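Hi,

Here is the structure I said I would pass on. Have a look at it first, and my notes on what turned up in it follow below.

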Amino acid sequence: MSEVAVTSPLPGRALERLAERHTLRVRPKGPALSGRDLAVFTGRADALICLLADRVAAEVFTMCPRLAVVANYAVGVNNIDLEAARTSGVWVTNTPDVLTDATADLTWSLILAVARRVVEGDRLVRSGGFAGWKPDLLLGVGLQGKTLGIVGMGRIGRAVARRASGFGMWVCYHSHRDVRSLEGAEAECVPSLDALLARSHVLSLHCPLTAKTRHLLDERRLRLLPRGAIVVNTSRGEVVDEEALARALASGHLGGVGLDVYEREPAVHPGLLGRHDVVLLPHLGSATGEARAAMANLAVDNVLAVLGGKPPLTPVVKPLVPRS
Ligand code: DGY
């Protein structure tokens, strides 16, 4: 029997399945762990299942000599020092595919909520301010015939693109990686990010957070968007310069913003909090019961595979020389 450290209880029954074969140490709910604290919690465990807010720094690999796999309970792995994992002989896995549809649906919830002023309407009714139908009450913008720009045409970007035809939108995208199949989405590849921005009435971000994509949407690039454009981010907060975003809204250049993720999560830029044209969600992209249970199952299957001497199902990092 091996020991598995889990930084939080997880939805569904996946951890029960893991407990049938291995000794589990599950941390009760609490603030995210980072660096030394995470290393101390992991201790002599053979596997670690962690959340996207836990910071898996190099010291976790040096201080935890038995650790063979870090299974991130997320598709994004920007919280993990991947190079340190690789050179230390530790597998890193994530949870792709199972959250794609949930995240794409939430992206559309944000696009529609911003374009049609859904949250403002809800507030008006609850505050008793709805005095009856009026020709000009809370007018939004129509999506039909407009262009949806997608940055990052991975699984989630493609799923968002597939849904666009239902709203009569034309999709353009820019991706650093070679996109071999659009998986049923009709979309035009635009050769540069700047050109994509110039055409996007709605811009949706789906790229991973890396050193290259940090502040990808900065002051200069925000200015390239057409006046009145809507920006939606369900990827990682640091992809957007939030200060520049708040300024672009304050100047009237942007028509609205929908965010599920934040540059200094869970903190939100004060320039965004008070605005009626911004819809803010608490990182709910994958938050359906189905997706979160499937993520737990996949994380557990990855751990079971590695502890059973097999390669994991969804590796992100293959170790240089696996720890035995
Ligand atoms: C992820 O998986 O990376 C999402 O941000 C949370 O599900």
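**Helix H10 and its surroundings**

At the start of H10, the backbone nitrogen of Glu243 has a side-chain oxygen of Asp241 within 3.2 Å. Bear in mind that this is a predicted model. H10 itself covers residues 242-250, and its buried residues are Glu242, Ala244, Leu245, Ala246, Ala248 and Leu249. An α-helix has 3.6 residues a turn, so residues three or four places apart point the same way.

What lies over those buried residues?

The peptide bond joining Glu265 to Pro266 is cis, with omega about 10°.

One is Arg117, at about 55°, in the loop between helix H5 (100-115) and helix H6 (118-126). The other is His215, again at about 55°, and you will find His215 in the loop between strand E9 (202-205) and H9.

Now for the overall layout. The protein is divided into domain 1, made of 3-98 plus 289-317, and domain 2, which is 100-280. Their C-alpha centres lie 31 Å apart.

Where they meet, 8 residues of domain 1 are in contact with 5 residues of domain 2. Between them the domains bury about 590 Å², with 45% of that on carbon and sulfur atoms. On the domain 1 side, Leu52, Asn78 and Asp97 lose the most area to domain 2, and together they make up 64% of what that side buries.

Asp97 turns up again in a salt bridge with Arg155, where the closest N and O atoms are 2.7 Å apart. The count of salt bridges between the two domains is 1, and there are 3 residue pairs in polar contact. By class, the side of domain 1 that touches domain 2 has 5 nonpolar, 2 polar and 1 charged residues.

Cheers

How values were computed: Residues are numbered from 1 along each chain as its sequence is written. This is a predicted model: local features need pLDDT of at least 70, side-chain atom pairs count only at pLDDT 80 or more; totals for chains, interfaces and linings use all residues. Side-chain values use heavy atoms; hydrogens and water are left out. Domain bounds come from an automatic or database domain assignment. Contact means heavy atoms within 4.5 Å. Buried area is the accessible area (1.4 Å probe) that two parts lose on being put together, summed over both. A salt bridge is a side-chain nitrogen of Lys or Arg within 4 Å of a carboxyl oxygen of Asp or Glu. A polar contact is a pair of N or O atoms within 3.5 Å; within protein, one must be able to donate a hydrogen and the other to accept it, and residues adjacent in sequence count only if both atoms are side-chain atoms. Ala, Val, Leu, Ile, Met, Phe, Trp, Tyr, Cys and Pro count as nonpolar, Asp, Glu, Lys and Arg as charged, and the others, Gly among them, as polar. Buried means under 20% relative accessible area, exposed over 50%, partly exposed in between (1.4 Å probe, protein chains only). Helices (H or I, at least four residues) and strands (E, at least two) are DSSP runs, numbered from the N terminus.
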